[in-house]
Amino acid sequence: MQQKIVLIGGPGTGKSSILREFIKRGYKCMPEISREVTLKAQKDGIDQLFLEQPLLFSQLLLEGREQQYIDAHQSDAEIIFFDRGIPDVHAYMNYLGSDFPDIFIEKSNKYLYTKVFMCAPWEDIYKSDNERYETFEQSVKIDTFLKEAYEEIGYNIIDVPFGTVHERCDFILHTLKHDV
């Protein structure tokens, strides 16, 4: 049976670096798509779509993450890693205090992941950039909304310890191997 493994955590917690290492190791990975959505909006003249039109931004993310899940399901890979999952979408809406359609939660309950690994906020590695505008303090707050969203669906969240990218990947793989 295929394992769909999602990496969650606030912005700048090392998820994308871990995913890049898994790609180097030959694993199939689904990258974070919010940067892609943000860059496309900026090309269309909207500086921060997430801030200016959070519902539209979230709907685009939901569609993209749902398609990633479907693409993964059609793959013959035994393990697929995701940089963020579908529940992240409504977690961020809750963080903003924004209303959103019921379909957000329905899709989170429909497309389930095998395991959820959480990368906690880590100030030593945190960096902001053109697409990541959140401060470290905001990353910490977002982290709590993410944890709550996944736990409400019934996931047991596995905390990834701090360490090098290599050590963090080894921890995840060791956990998957011994927790089947």
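This is a predicted model: local features need pLDDT of at least 70, side-chain atom pairs count only at pLDDT 80 or more; totals for chains, interfaces and linings use all residues.

Colleague: What span should the 21 residues of helix H4 have?

Modeller: Helices (H or I, at least four residues) and strands (E, at least two) are DSSP runs, numbered from the N terminus. The expected span of a helix is 1.5 Å times one less than its number of residues. For H4, residues 54–74, that gives 30 Å, and the end C-alpha atoms are 30 Å apart, which agrees.

Colleague: Which residues of H4 are buried?

Modeller: Buried means under 20% relative accessible area, exposed over 50%, and partly exposed in between (1.4 Å probe, protein chains only). The buried residues of H4 are Pro54, Phe57, Ser58, Leu61, Leu62, Arg65, Glu66, Gln68, Tyr69 and Ala72. They lie on the same side of H4, because their arc around the axis covers only 165 degrees; the arc is that of the directions from the helix axis to the C-beta atoms. Exposed Glu63 and Gln74 sit on the face turned away from the buried side.

Colleague: How many salt bridges does a search of the whole structure find?

Modeller: Side chains of opposite charge can pair when their charged atoms come close. The criterion is a side-chain nitrogen of Lys or Arg within 4 Å of a carboxyl oxygen of Asp or Glu. The search finds seven. One of them joins Asp170 and Arg25, with the closest N and O atoms 2.7 Å apart. Asp170 is in helix H8 (residues 165–178) and Arg25 in the loop between helix H1 (15–24) and strand S2 (28–30), so this pair ties together parts 145 residues apart in sequence. Asp170 is partly exposed at 34% relative accessibility, and Arg25 is partly exposed at 27%.

Colleague: Which residues does the network of salt bridges with shared partners join?

Modeller: Take Glu32, which is buried at 17% relative accessible area. Its side chain meets that of Arg84 in a salt bridge (2.8 Å, N to O). Salt bridges that share partners join Glu32, Arg65, Arg84 and Asp88 into one network. Glu32 also forms a salt bridge with Arg65 (2.8 Å, N to O). That pair links the loop between S2 and helix H2 (34–43), which holds Glu32, to Arg65 in helix H4, 33 residues apart. Arg65 is buried at 3%, and Arg84 is buried at 6%.

Technical notes. Residues are numbered from 1 along each chain as its sequence is written. Side-chain values use heavy atoms; hydrogens and water are left out.
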